[in-house]
Amino acid sequence: MPIFDAESTHGADFSKPFFRLRHGRTGGPLLGVFQTRTTWRPRFAAWMLALVCGFSLHVFATDARVNLADGFDFPVGKPNADGYYKSRGLRLRAPQHFGEDWNGRSGGNSDLGSPVYAVADGIVTLANNVRTGWGNVVLTRHAYRDPATGQIKYIDTLNGHLDRIMVKSGQAIKRGQQIGTIGTNFGMYPAHLHFEMRHDITIGMQRSNVPADMNHWADPTQFINKHRRLNREWRPVAVATGTYQDYNGIRGL
Ligand SMILES: [Zn+2]
């Protein structure tokens, strides 16, 4: 007896092999000879098409996929910045400060090594020691549905001067997940988190490339308070990658 029934089974039964042993005219199996059935051609063509398409997507895809954010929390004192205060806020006019400085209420370096959290579901776009005045930096990207317009929008965060980085570029992150710890940029500052939010997802580490206005920058506290809870949609959406320019040889996702 051959291993498999020689009779063709029609229809899309994918549990069956594509190639079957076939009985010879004498009735015995032609061992080692694989004979394709008449039904294999469309199935084989479909597999080849899937293979080619999959390969093309792999080669040409420039997007990553993230869950739509179900809300935004504060990056310290999870989730409401409990035990922390803002020592500096956003200021787009000189002297400029493009984000917020968060400090522990106990003062000094009491917050050194304390957790920094992802403010929303998203993806890590850069996680490196970029040196200069920044030190260890984690940038993250988030997709959310703007409650005002119903449109899907994107926003980046920057978390600077970290003592430790606990994520990698390209890693998916969940709201409230620890991404690093508060640091001093290797002793340059008293421990604090420098935290920025950007509507413009091309800024990366090159802040001088875009106008200092609210189309490109977000006031973090204002933005977070306005988007604390969003509908959970359970569907991933595409986000652009490769949007940053090099900074000290580091480009990110
Ligand atoms: Zn700062």
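Not counting residues up to four places away in sequence, Val-116 touches Pro-75, Val-76, Asn-159, Leu-162, Gln-178, Ile-179, Gly-180, Thr-181, Ile-182 and Leu-193, where contact means that the C-beta atoms, placed from the backbone, lie within 7 Å. The model is a predicted one, in which local features need pLDDT of at least 70 and side-chain atom pairs count only at pLDDT 80 or more, while totals for chains, interfaces and linings use all residues. Residues are numbered from 1 along each chain as its sequence is written.

Val-116, together with Val-119 and Val-138, has the most contacts inside the largest nonpolar core, a set of 42 residues. Such a core consists of buried Ala, Val, Leu, Ile, Met, Phe, Trp, Tyr and Cys residues joined through C-beta atoms within 7 Å, and a residue is buried if 20 or more other C-beta atoms lie within 10 Å of its own.

Strand β8 gives the most to the core, with 5 residues.

An open sheet of 3 strands has the order β6-β12-β10 with antiparallel pairing, and its edge strands, β6 (115-117) and β10 (164-165), each pair on one side only. Strands are DSSP runs of E of at least two residues, helices runs of H or I of at least four, numbered from the N terminus; two strands pair if DSSP finds at least two bridges between them. Strand β6 is joined to β12 (residues 178-181) by 3 bridges, and Pro-115 has Thr-181 of β12 as its bridge partner.

The protein chain has 3 helices and 15 strands, and 30% of its 253 residues count as buried.

Definitions and conventions:
Buried ≥ 20, exposed ≤ 12 C-beta atoms within 10 Å, placed from the backbone. Contact = placed C-beta atoms within 7 Å.
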